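I set out to record what could be looked up in this model. The entries follow the order in which I consulted it.

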Amino acid sequence: MTAGDAPLGWDRRMRQRLLRGEAAALGECYDRFASLVHGLAHRVLRDEEAADGITREVFAQVWEHPGEYDPAEGPLRSWVALLTHRLAVRRLRAALARDGRGTPEELERTVRRASVAARADYIVTAMPVPLRTALERAYFQRRDYRQTAADLGITADEARRRLRLGLQLLATAHDSGPSDAPDEPGAA
């Protein structure tokens, strides 16, 4: 087994443990993913209490329906993030509609902005450390690619490559995907 196989192996073992009803497995999932779930929910909802509720809902879903996760479709982290996003967007839509805030078009723009921001946060936290570090230097410290290269002890070409790839990954936050589609009845 290579180092790249290790996380997927953990995901498969975790799914099996959850399917067997091992409470300790849920605890491990919670320890590993709770900050991700809460952060994504808070980014969409901008409400601490609502994010706490989504966090509870997500882990209840993980516990009650572990078979909905398929390791062949990607990492458990991504499934948990997608589940969080769907539940948070559903709650945001319901809250905006209930409060009568804006037209349906304004509501959807608000949901879209929150979704893009949450996806961008997830992409940044999920990207490899070398890419994230280069982007952080360039963006937050306002370093150009040469300065970033010097800071990280890499070539200027490598710094440009990391920055380009990191930005390309971030650009995908604006792409429409299945999580942008309106929730269907019965969808997770």
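Entry 1: I began with α8, in which Ala159, Arg162, Leu163 and Gly166 are buried (buried means under 20% relative accessible area, exposed over 50%, partly exposed in between, with a 1.4 Å probe and protein chains only). Seen down the axis of α8, these buried residues fall within an arc of 95°, so they line one face of the helix; the arc is that of the directions from the helix axis to the C-beta atoms. I noted the general rule that an α-helix has 3.6 residues a turn, so residues three or four places apart point the same way. Among what covers the buried residues of α8 are α6 (129-140) and α7 (145-152).

**Entry 2: basis of the values.** The model is predicted: local features need pLDDT of at least 70 and side-chain atom pairs count only at pLDDT 80 or more, while totals for chains, interfaces and linings use all residues. Residues are numbered from 1 along each chain as its sequence is written, and side-chain values use heavy atoms, with hydrogens and water left out.

**Entry 3: the whole protein.** I found eight helices and zero strands (DSSP runs numbered from the N terminus: helices are H or I, at least four residues; strands are E, at least two). Of the 188 residues, 37% count as buried. I also looked up contacts (heavy atoms within 4.5 Å): of those with a separation of 6 or more, 63% join residues 24 or more positions apart.

**Entry 4: glycine 74.** Where does glycine 74 lie? I located glycine 74 in the loop between α3 (48-64) and α4. Glycine 74 is buried, with a relative accessible area of 18%. Leaving aside residues up to four places away in sequence, glycine 74 touches Leu8 and Tyr69. Glycine 74 and aspartate 11 are 63 residues apart in sequence, yet 9.1 Å apart in space, C-alpha to C-alpha.
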